[in-house]
Amino acid sequence: WVPQVLSSVDEIAELYRELSQHPGLKVACLGPDVTTQYGGKYCSLYTEWLQRDLTRAENIKFSRQYLIFHDGAAIVYSGPAGTCSEIKDEHLLQQSPSGALKAVLRKVPSKEKKEEKQFLEVWDQNRKVKSIDLTALDKHGTVYDDDHFGCLAWSHSETHLLYVAEKKRPKAESFFQSKAPELDTSSEDVGHSKKADVPLKVGFPWPRVGEGQQGSCGSDNVLLQGEQFVYHEDWGEALSKRSVPNLCVMDIEASSISVLESIPEHLSPGQVTMGIPREAEKGGFRASSPLISLQAFWSPDDTGVVFVGWCPEPFRLGLQHCTNRWSMLFYMDLTSGACEQLSENNMAVWSPRLSPDRRFIVYLENNVFGPHQQCSRLQMYDWHTKQTTTVLAAVPRQTWDAFPGIYCGALPRMCWAADSRRLLLDTAQRSQQDIFVVDTVTGTTTLLTADAPQGSWSVLTIDRDILVARFSTPSCPHTLKVAILPCIGLEAQVQWVCLQNAPSVDGISWDIRTLQPPPEQEHPQYKGLDFDAILLRPSKGPTAQKHPLVVMPHGGPHSVFTAGWMLYPAVLCRMGFAVLLVNYRGSLGFGQDSVCSLPGNVGMQDVYDVEHCVERVLQEESLDASRVALVGGSHGGFLACHLLGQFPDTYHACVVRNPVVNIASMVAATDIPDWCLTEAGFTYTPNVLPDAGQWTVMLQKSPIHYVNRVRTPVLLMLGEEDRRVPPQQGLEYYRALKARGVPTRLLLYPGNGHALAGVEAEADGFMNIAMWLVKYLRC
């Protein structure tokens, strides 16, 4: 007899340890082609992976290299070269255009362990040739290494590096700071002449732009009274140490820094690109590369910078997972310091990418405000004609055998084919993630994973038409795939080769279900919308057993579960639970109409979709209807708490992670107040406070409105440093449940934000989830 659900703490912990050791593939970079003495070609492939180390309670990063032999049309042979090597303290890494040099931003604790020291290193193929102490130079604050602002970009001449760092602030002191008495003896009396502060010589190849107090040594001597406790706005969740970014250029030979200060003060630069073609000197335009990709393109003269600027007026809003923030694409001439806007006003733009022939920049665009994530437009700027065209518009409805639209946080770091006409991207297509090639001339798209296994595909890089991708399924961790992109018109014939395989996890079966809401729950404006769910089932043990069901709606709400590897669902399934991942209406990958159908209907449409899905699965599958649980985070926690109150007889255990409980009380504390009003059905205006009617509607659409009906035991897990859904939300629900005698437990994780992504918090969180389900589902 096989136990239906694993219930031993030690066995569950060992299972979690086993499955958490599967690494995630994060980065791939192709080296230059090498021609052998026999005429064949090969290149190296550098990859970076991330793996949980439960013993050290941290994520470790390691690298592995591979060799790819090809003839330009197909992969002849591919395989690993050497073993894995752990990467320590490297936060940014970028190869030079020729591949001869490598730049590394390294952050290490100081010997006193009071602060983190920052070094910018340059390596050649055999040794470290430069190590520059950025902390000692003291020209700026912390160097950014996040996906929104971080950048490390080589100039074309390989003599300069561009990066983004926090603006250096003048020192502040108390009004009552004791001061050393002034000496009566003048400096001349002791043989010293008094000299004015002189800025550090930076060896900048262009005329110095905006050289002033900021970034100069003179600013070190400015002491401001009463400024010690001034509040400095930041960019919210996961970006709480990002306030005022500055573009910085390092002269490698002189080991000196120049801070570019001509960027308008109301802009926060990011996703930076360097260099323009020579034609730009006559009034044309430019070049681009994303800061997300940590790569930049320079002209032969290294004379220009292209960047995305976010507008913080009237105040900063959270950027994480928000592709609707007012931003524009700019070009700054490094000779004159002039800044020119390239994209339209009143739009949200991000992820610029320069074509190999340095003529076109593609970037993604959304409307400002509205849903945080939605179907994006693909725009293309031609710097010869200075014209912008829409390559791909938003797709209202997803239809089979048609392009579903663009739903991604960024374009791949390297996305252009060698012909500078086609580009590669991955996007959600309902409950899968697939790879498409886009012809920017005709606007046509071709699915490159049509004949490949069903699951989740992501583009890692493409260079010289060698395409590198990541693939996974709910039962198969990340695998590494390579292919040669066929010529125009033959793309569908692409042949994928597995370079690094990951064995499937035994005991998990899965499939995707499509559901239609009942007629009475159709949206009056967007009729005919359907939605999906991914069902994971244990495939071992007696078939007569009825497995308990764990229902997991995703957060967002404008997000999506794709059929890829996810640790929590995999471990729960191996324990003996069936797991239902619900992509209710409003999820990405189903068309813009689906996204637009949800604002104003949260707490109803999304709740009814989840409940309808659960009822259908219980009818169609041999599952135990008396043992159904809810697990959800953020908006998924919002839905779980709603379901407990609106359908109290369906669910018998619940776990919520940083749940939205009361939209009305959240609006004044979150880094995304626009989310509260938008999802409640109102237009967000920064300078207008909600009125009494709006407060009432936000409260009525919140789970707290139904708390009197909740009887199900609830485990709450909160991040103490959550800026997105502040922990007061969960505390409010905790107190309401305790006051009503509902079995409740609360876990508060210090040092963790909204994602609860710390290795220790993630592992402890899973064990508490598992034991809560075992206890209250009577397993």
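The paragraphs below go through a predicted model of a protein chain, from its overall make-up to single residues.

Residues are numbered from 1 along each chain as its sequence is written. In this predicted model, local features need pLDDT of at least 70 and side-chain atom pairs count only at pLDDT 80 or more, while totals for chains, interfaces and linings use all residues; side-chain values use heavy atoms, with hydrogens and water left out.

The protein chain has eleven helices and 38 strands. Helices (H or I, at least four residues) and strands (E, at least two) are DSSP runs, numbered from the N terminus. Of the 779 residues in the chain, 57% are buried. Here buried means under 20% relative accessible area, exposed over 50%, and partly exposed in between, with a 1.4 Å probe and protein chains only. A contact means heavy atoms within 4.5 Å. Among contacts between residues at least 6 apart in sequence, 64% join residues at least 24 apart.

Two strands pair if DSSP finds at least two bridges between them. Strands of a sheet pair through backbone hydrogen bonds, either parallel or antiparallel.

The pairs can be followed in order. Strand 20 (residues 347–354) and strand 21 run antiparallel and are joined by six bridges, with Trp350 opposite Leu364 in strand 21. The hairpin of these two strands has five residues between the strands, and Arg358 there takes a positive phi near 60 degrees. Strand 21 (residues 360–367) is mostly covered, with seven of its eight residues buried. On to strand 22 (residues 377–382), strand 21 again has six bridges in the antiparallel sense, and Ile361 has Tyr381 of strand 22 as its bridge partner. Strand 22 and strand 23 are antiparallel over five bridges, where Gln379 is partnered by Thr390 of strand 23.

Another open sheet has eight strands in the order 31-32-34-33-35-36-37-38, with mixed pairing. Strand 31 (508–515) and strand 38 (744–749) stand at its edges with a single partner strand each, so one side of each has no neighbour in the sheet. The twist averages 20 degrees from one strand to the next. Strand 37 (residues 714–719) and strand 38 run parallel and are joined by six bridges; Leu718 stands opposite Leu748 in strand 38. Helix 10 (residues 728–739) packs on this sheet and touches both strand 37 and strand 38, and its direction makes about 160 degrees with that of strand 38. Axes are lines fitted to C-alpha atoms, for helices over the stretch in contact, and angles run from 0 to 180 degrees between N-to-C directions.

Helix 8 is a case of burial. Eight of the eight residues of helix 8 (residues 673–680) are buried, so the helix is largely enclosed by the rest of the structure. What covers these residues includes helix 6 (635–646), helix 7 (663–666) and helix 9 (692–700). Just after helix 8, Gly681 takes a positive phi of about 105 degrees.

Two packed helices are described by the angle between their axes and the distance between the axes. Helix 1 (residues 9–20) and helix 11 (residues 759–776) pack at about 135 degrees, with axes 11 Å apart. They are therefore oblique to each other; angles under 35 degrees count as roughly parallel, over 145 as roughly antiparallel, 65 to 115 as roughly perpendicular and the rest as oblique. Helix 1 contributes Val9, Ile12, Ala13 and Tyr16 to the contact, and the residues of helix 11 include Phe766, Met767 and Ala770.

Two loop residues complete the tour. Arg430 is in the loop between strand 24 (422–429) and strand 25 (432–439). Arg430 counts as buried because its relative accessibility is 4%. Its side chain and that of Gln398 are joined by a polar contact of 3.4 Å. A polar contact is a pair of N or O atoms within 3.5 Å; within protein, one must be able to donate a hydrogen and the other to accept it, and residues adjacent in sequence count only if both atoms are side-chain atoms. Glu621 is in the loop between helix 5 (605–620) and strand 35 (623–633). The side chain of Glu621 makes a polar contact of 2.6 Å with the side chain of Arg537. Leaving aside neighbours within four places in sequence, Glu621 is in contact with Arg513, Leu535 and Arg537.
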